[in-house]
Amino acid sequence: MELNKRQNEILEIVQSDGPITGEQIAERLNLARATIRPDLAILTMAGYLDARPRVGYFYSGKKPAQSVGDGMIGMKVGDFQSMPVVVAENISVYDAICQMFLEDVGTLFVIDKDSHLSGVLSRKDLLRTSLGNKELDKIPVHVIMTRMPNITYCKKQDTLLYAAKKMIEQQIDSLPVIVERERGLEVVGRITKTNITAAFLSLADDHDL
Ligand code: ADP
């Protein structure tokens, strides 16, 4: 939050001479008490100042409250990503379903024999195949996965806002976090809607929820 010149002056006065009343602050600035009332309200609401009846204003020493927008801009994928769960292209749909339950994830990333990203398997991909197919242990996942180059991914250094935008635009629940290698993409993490929700919640700090 940007403070204006007068708000900064008030902050300096309170920092050096607080606790101090609104009346006294106004006097020091040669202004009427009513003139600085909005500034005092802003400084108090933002968390720079605390006010006590009959004592006056004093410096809170707290970090000023950031706006939610400011907080989000600084968030990077690398700080919120989870471990990826990867499977080989030739494992069966049956085994992929077991893996999804065992690892408690909603999306599996598929890698080729060189360990590069080759596909994505979502819950619905597996459900769709299970409908009407009895021999799930005979179908390899590479037949049903969404494959490269149609995979949306992100990198550690991307902002979380970028990842959120991609997920919403593409209507998908997660993105692989990758590192570009000479011959393909190495999967190093995953970002899901849950990670985005956790990041959102972290902006609330220790506010009462
Ligand atoms: P679900 O289908 O279980 O709701 P998603 O919404 O994530 O899960 O997946 C929808 C479709 O998009 C699926 O066919 C899946 O293979 C595909 N998909 C999921 N994640 C990605 C991704 N990062 N890039 C490209 N396609 C994806």
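The structure is a predicted model, in which local features need pLDDT of at least 70, side-chain atom pairs count only at pLDDT 80 or more, and totals for chains, interfaces and linings use all residues. Residues are numbered from 1 along each chain as its sequence is written, and side-chain values use heavy atoms, with hydrogens and water left out. Helices (H or I, at least four residues) and strands (E, at least two) are DSSP runs, numbered from the N terminus.

**The second largest pocket**

- The second largest pocket has a volume of about 430 Å³, where a volume is the space filled by probe spheres set on grid points that are joined across faces, edges and corners.
- Of the 18 residues lining the second largest pocket, Val120, Ser122, Gln171, Ile172 and Asp173 are the closest to its centre.
- On a 1 Å grid over the protein atoms alone, a pocket is an open set of points where a 1.4 Å probe fits, with protein on both sides within 12 Å along at least five of seven lines, and lining residues have an atom within 4 Å of a point.
- Strand E5 (117-122), helix H7 (123-130) and strand E7 (174-181) each supply at least two residues of this lining, and the largest share, 4 residues, comes from H7.
- By class, the lining of the second largest pocket divides into 4 nonpolar, 9 polar and 5 charged residues, with Ala, Val, Leu, Ile, Met, Phe, Trp, Tyr, Cys and Pro counted as nonpolar, Asp, Glu, Lys and Arg as charged, and the others, Gly among them, as polar.

**Helix packing**

- Two packed helices are described by the angle between their axes and the distance between the axes; here the axes are lines fitted to C-alpha atoms, for helices over the stretch in contact, and angles run from 0 to 180 degrees between N-to-C directions.
- The axes of H7 and helix H6 (residues 93-103) come within 11 Å and cross at roughly 140°, and H6 and H7 are therefore oblique to each other, given that angles under 35 degrees count as roughly parallel, over 145 as roughly antiparallel, 65 to 115 as roughly perpendicular and the rest as oblique.
- Val93, Ala96, Ile97 and Met100 of H6 make the contact (heavy atoms within 4.5 Å) with Arg123, Leu126, Thr129 and Ser130 of H7, and by class this contact has 5 nonpolar, 2 polar and 1 charged residues.
- Helix H8 (residues 160-170) and helix H9 (residues 193-202) pack at an angle of about 135° with their axes 11 Å apart, and are therefore oblique to each other.
- Leu160, Ala164 and Met167 of H8 make the contact with Lys193, Ile196 and Ala199 of H9, which by class has 5 nonpolar, no polar and 1 charged residues.
- Helix H1 (residues 5-17) and helix H3 (residues 33-45) pack at an angle of about 75° with their axes 10 Å apart, and are therefore roughly perpendicular to each other.
- Arg6, Gln7, Ile10 and Leu11 in H1 meet Thr35, Ile36, Asp39, Leu40, Ile42 and Leu43 in H3, a contact with 6 nonpolar, 2 polar and 2 charged residues.

**Backbone features**

- Most residues other than glycine have a negative phi, and most peptide bonds are trans.
- Gly18 and Pro19 are joined by a cis peptide bond with omega of about -5°, and Pro19 is placed in the loop between H1 and helix H2 (22-28).
- A cis peptide bond with omega of about 5° also joins Met148 and Pro149, the latter found in the loop between strand E6 (146-147) and H8.
- Arg54, although not a glycine, has a positive phi of about 65°, and lies in the loop between strand E1 (49-52) and strand E2 (56-59).

**Surroundings of Gln81**

- Gln81 is in the loop between helix H5 (77-80) and strand E3 (86-88), and its C-alpha atom is separated by 9.3 Å from that of Pro176, 95 residues apart along the chain.
- Not counting residues up to four places away in sequence, Gln81 touches Lys156, Val177, Val188, Gly189, Arg190, Ile191 and Asn195.
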